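This report goes through a few side chains of the structure shown below.

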Amino acid sequence: MGIPAAVSMFLAFTKSFNPTIKWCFIQSYPINCEKYNDDEFECLRGEKGTLYQALFAIGPMIIGFFIISFCMTSLYRHVRKIERSSQRYRASGTPSSRRMTNKKTKQVFKVACWYVGVFIWIWAPTLTSIILNKGFQIFSYYLVLINAMLLPIQGFLNALVYSRNDVSKFMNVAKRRISSSLFSSSTAIRKNVDKMINENSELQEESSTENIDDNDRIEENH
């Protein structure tokens, strides 16, 4: 809490928060004015925007990726170590018991991969946009659009990663209920169709019987 507040106050004091194409960010004003040394593009604010952007935007992004990767790897190795140590004290060392023992390790590995993957998926377009803009003077509208869509949903995607098992269980229960309701509906429809067919056949038999009786009466009269 203290570090972000201190960094924000420092950037505000140095006038490094300025409008960009998509939002207010660490940026010189006019945009990229520090790239030019002539009087026509003199910087009005944030002369060290590129430096501060590298220190307080790109740097924490890269450091965060390595911290998350390290934490997820450490968690995976810790769970694997516990399961392997518990496997030694099992009474039976059958292959099925070993597979059951490694179940938690596989679950933790999948969650770790999903969590790191979400972080890369969210922040890779932002990092690419900054590098293209600052290093090569290239602006991509599609990257800006992707950033605007992905950045606000990072917390939601992280919640989906950690509740993935609960969501999958809910989806399985929903599928079973939907399939059972569809099966019961199809069974009811099939019964109604069979009933209608039987009623139609009975009516046809009655009508044919009545026609035969009428023909017999006509023959008797003649």
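## Aromatic rings and selected side chains

Phe65 is partly exposed, with a relative accessible area of 27%. The model behind this value, and behind those that follow, is predicted.

The ring of Phe65 pairs with the ring of Phe119: the centres lie 6.4 Å apart and the planes stand at 25°, so this pair counts as stacked. Phe65 belongs to helix 2 and Phe119 to helix 4 (residues 103-136), so the pair links distant parts of the chain, 54 residues apart. Phe119 is buried, at 11% relative accessible area.

Seven aromatic pairs are counted in the structure. One of them joins Phe65 to Phe66, with ring centres 5.5 Å apart and planes at 70°, which makes the pair edge-to-face. Phe66 is exposed, at 53% relative accessibility. Elsewhere, Phe10, Tyr52 and Phe56 make up one aromatic cluster.

Helix 2 (residues 49-88) also holds Ser74. The side chain of Ser74 comes to 2.8 Å from the backbone oxygen of Phe70. Ser74 is partly exposed, with a relative accessible area of 32%.

The structure has zero disulfides. Cys24 is exposed, at 59% relative accessibility, and Cys113 is partly exposed, at 41%.

The table collects the accessibility of these residues.

| Residue | Relative accessible area | Class |
|---|---|---|
| Phe65 | 27% | partly exposed |
| Phe66 | 53% | exposed |
| Phe119 | 11% | buried |
| Ser74 | 32% | partly exposed |
| Cys24 | 59% | exposed |
| Cys113 | 41% | partly exposed |

Key
Residues are numbered from 1 along each chain as its sequence is written. This is a predicted model: local features need pLDDT of at least 70, side-chain atom pairs count only at pLDDT 80 or more; totals for chains, interfaces and linings use all residues. Side-chain values use heavy atoms; hydrogens and water are left out. A disulfide is a pair of cysteine sulfur atoms within 2.5 Å. Buried means under 20% relative accessible area, exposed over 50%, partly exposed in between (1.4 Å probe, protein chains only). Helices (H or I, at least four residues) and strands (E, at least two) are DSSP runs, numbered from the N terminus. A polar contact is a pair of N or O atoms within 3.5 Å; within protein, one must be able to donate a hydrogen and the other to accept it, and residues adjacent in sequence count only if both atoms are side-chain atoms. Rings of Phe, Tyr and Trp (its six-membered ring) pair if their centres lie within 6.5 Å; planes under 30 degrees apart count as stacked, over 60 as edge-to-face and the rest as tilted.
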